[in-house]
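Hi,

Here is the structure I promised to pass on. Have a look at it, and then read on for what turned up.

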Amino acid sequence: MDISLIVGLLALGAAVGFAAGLLGIGGGMLLVPFMTMILTAKDFPKEHIVHMAIATSLATIMFTSISSVRAHHARGAVRWDIVKLLAPGILVGSWIGPWIGAQLNSSGLALAFAVFVTFSAVQMILDKKPAASRDLPGTPGMFGAGGVIGTLAGLVGAGGGFVSVPFMTWCNVKIHNAVATSAALGFPIALAGTLSNIYQGIHQQGLPSGSLGFIYLPALLVISIASVMTAPLGAKTAHSLPVKSLKKVFALVLFTLAAYMLYKAVR
């Protein structure tokens, strides 16, 4: 990597980590569009850029989720009983998601990402919490829910929080427990999705040097170091700023990024 690429990825990782700590979201929705822009500017193979951005984004969650889970666990907020029920379906779904992505060309994958980000931005700007009207389903229902969460997260390179948190609060799980539990679910999502992206991409032709399947290892290293360093700062800042107002501003940023990915899809 040249110095300009390293600097760009360091800045991106720092911004993603800070936003994740500040707003309690995964960094994939920021990371994928900006990494797509950076790889496009550096003339990476056009047919692989979106796949690599999504795969690398998902891989970073393995590292950033660990510190988040430790903090939530220390406060006793993680519902490990829910993690155990959702994790099997999540592991299956997180493998299937990248497989679906590998069947799509860059345009189709960019379109899927744009739709997901638009949905997430609408959810964020409305800031509506689902009515807590029912209990969690039984084991088969939890496996199915985990499969849906994992598939969507694996497909778009996100941690799954925008699906898992509404699902848990809808099932009468307290919001702080839902957020903490979602953070814990990020690791199995990232692990299975990363392994799947390696498998799906390992025989692809034309991937740049430094790739492991669809994962671009130099970017993974640089972004992970930067994001792990800035996530605690974001979490600390969250206590002194009006986070609800910031979420609305951030949602507008997501709409812009969704529009960019839509442009990539139709171009």
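T56 counts as buried, because its relative accessibility is 0%; buried here means under 20% relative accessible area, exposed over 50%, and partly exposed in between (1.4 Å probe, protein chains only). You'll find T56 in helix α3, where helices (H or I, at least four residues) and strands (E, at least two) are DSSP runs, numbered from the N terminus. Leaving out residues up to four places away in sequence, T56 touches M35, F214, I215, Y216, A219 and L220, a contact being heavy atoms within 4.5 Å.

A word on the ground rules. This is a predicted model, so local features need pLDDT of at least 70 and side-chain atom pairs count only at pLDDT 80 or more, while totals for chains, interfaces and linings use all residues. Residues are numbered from 1 along each chain as its sequence is written, and side-chain values use heavy atoms, with hydrogens and water left out.

M35 comes up again in the largest nonpolar core, which has 69 residues; M35, L86 and M261 touch the most other members. (A nonpolar core is a set of buried Ala, Val, Leu, Ile, Met, Phe, Trp, Tyr and Cys residues joined through side-chain atoms within 4.5 Å.) The largest share of this core, 9 residues, is from α3. Apart from it there is another core, of 6 residues, including A55, A59, F214 and L220. As for L86, its contacts are M142, A145, G146, F167 and L185, again not counting residues up to four places away in sequence.

L12 is another one to click on. It sits in helix α1 (residues 3–23) and is buried, with a relative accessible area of 8%. L12 touches L30, L31, F34, M35, I38 and I223, with residues up to four places away in sequence not counted.

After α7 comes N172, which has a positive phi, near 75°.

On a 1 Å grid over the protein atoms alone, a cavity is a set of points where a 1.4 Å probe fits but cannot get out, and a pocket is an open set with protein on both sides within 12 Å along at least five of seven lines; lining residues have an atom within 4 Å of a point.

How many cavities of 30 Å³ or more does the search find? There is 1 in the whole structure, and the largest cavity has a volume of about 60 Å³. Its lining is H51, I54, A55, P98, G101, A102, L109, G154, L155, N197 and F214. α3, α4 (80–103) and α6 (139–156) are the elements that give two or more residues to that lining.

The second largest pocket has a volume of about 250 Å³. It is lined by T40, D43, F44, K46, E47, I49, V50, S106, S107, K264 and R267, and the elements giving two or more residues are α3 (49–74) and α5 (106–126).

Cheers

Note on methods: Grid points are joined across faces, edges and corners, and a volume is the space filled by probe spheres set on the points.
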